[in-house]
Amino acid sequence: MGFNVENDLFAKHSWYFRNALVRANYQNIQKGIKRESDYLERFFRNLLMGENNELKNRYMVVGAPLEWVKVQKPTSTRQVPDKLATNSTEIQTLIEVLAEQQLSIKEILAAMNLKDRENFMVNYLNPAIKKGFVSMLYPGKPHHPRQKYLLTVKGLSVYNSNNATR
């Protein structure tokens, strides 16, 4: 699907995840408790988008004292594209080539009409991987014989936002 998910975040924040699921699904109108998916969204944004939202159970307590509750500034629609945007034309070009497919280095070079593999690695692929736009199909084995590269969720978001404006 274009992204790699590990269990580390679930292991570290399992109690938070459980409580976030409850808050997203529980409603008691008589007590004034409404469904609230913000906490669950923060968890998944950390998991999938690599954000660093603070995940603390005390923020979810209904009717908690104000000193327990951290005021979380909502993310405006202007901030999200800024976090994902890249001003590198090389990375933009690589994102366009990988769009919705997995390609080997040889296939990418052919699609981009490039010949110098070393230059491609230094200027295109390594920066894109480092910034989280591209990932390896076999991340634990960089020299795997069938290694291919694909866009991460972050890379797909950039691709989709670029093509939505066209």
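# Notebook: helices, loops and contacts

I counted the secondary structure of the chain first: eight helices and two strands. Helices (H or I, at least four residues) and strands (E, at least two) are DSSP runs, numbered from the N terminus. I noted that this is a predicted model, in which local features need pLDDT of at least 70 and side-chain atom pairs count only at pLDDT 80 or more, while totals for chains, interfaces and linings use all residues. Residues are numbered from 1 along each chain as its sequence is written, and side-chain values use heavy atoms, with hydrogens and water left out.

**Entry 1. The whole chain.** I read the order of the elements from the N terminus as α-α-α-α-α-α-α-β-β-α. I then looked up burial, where buried means under 20% relative accessible area, exposed over 50%, and partly exposed in between (1.4 Å probe, protein chains only). Of the 166 residues in the chain, 34% are buried. Next came contacts, meaning heavy atoms within 4.5 Å. Among contacts in the chain with a separation of 6 or more, 50% are between residues 24 or more positions apart.

**Entry 2. Helix 2 and helix 3.** Two packed helices are described by the angle between their axes and the distance between the axes. Axes are lines fitted to C-alpha atoms, for helices over the stretch in contact, and angles run from 0 to 180 degrees between N-to-C directions. I found that the axes of helix 2 (residues 14-25) and helix 3 (residues 38-49) come within 7 Å and cross at roughly 140°. Angles under 35 degrees count as roughly parallel, over 145 as roughly antiparallel, 65 to 115 as roughly perpendicular and the rest as oblique. Helix 2 and helix 3 are therefore oblique to each other. On the helix 2 side I listed Y16, F17, A20, L21, R23 and A24, which meet Y39, L40, R42, F43 and F44 in helix 3. Sorted by class, this contact has nine nonpolar, no polar and two charged residues. For the classes, Ala, Val, Leu, Ile, Met, Phe, Trp, Tyr, Cys and Pro count as nonpolar, Asp, Glu, Lys and Arg as charged, and the others, Gly among them, as polar.

I also checked V22, which lies in helix 2. V22 counts as partly exposed, because its relative accessibility is 37%. V22 and S37 are 15 residues apart along the chain, and their C-alpha atoms are separated by 9.3 Å.

**Entry 3. N28.** N28 is in the loop between helix 2 and helix 3. Is N28 buried or exposed? Its relative accessibility is 16%, so N28 counts as buried. I looked for polar contacts (a pair of N or O atoms within 3.5 Å; within protein, one must be able to donate a hydrogen and the other to accept it, and residues adjacent in sequence count only if both atoms are side-chain atoms). The N28 side chain reaches the backbone nitrogen of Q30 at 3.3 Å.

**Entry 4. Helix 5 and helix 6.** In helix 5 I marked I91, Q92, L94, I95, V97 and L98 as buried. The buried residues of helix 5 pack against helix 6, helix 7, strand 1 (134-136), strand 2 (149-151) and helix 8. Helix 5 packs on helix 6 at an angle of about 105°, with the axes 10 Å apart. That makes the two helices roughly perpendicular. T93, L94, V97 and L98 of helix 5 make the contact with I108, A111 and M112 of helix 6.

**Entry 5. Q101.** I found Q101 in the loop between helix 5 (89-98) and helix 6 (105-112). Q101 counts as partly exposed, because its relative accessibility is 40%. Its side chain reaches the backbone oxygen of V97 at 2.9 Å. Leaving out residues up to four places away in sequence, Q101 touches Y149 and L150. Q101 and L150 are 49 residues apart in sequence, yet 6.5 Å apart in space, C-alpha to C-alpha.

**Entry 6. N113.** N113 sits in the loop between helix 6 and helix 7. Most residues other than glycine have a negative phi. N113 is not a glycine, but has a positive phi of about 60°. At 66% relative accessibility, N113 counts as exposed.

**Entry 7. Helix 8.** I checked the length of helix 8 (residues 153-164) last. The expected span of a helix is 1.5 Å times one less than its number of residues. The twelve residues of helix 8 should therefore span 16 Å, and its end C-alpha atoms are 16 Å apart, which agrees. V153, G155, V158, Y159 and N162 of helix 8 are buried.
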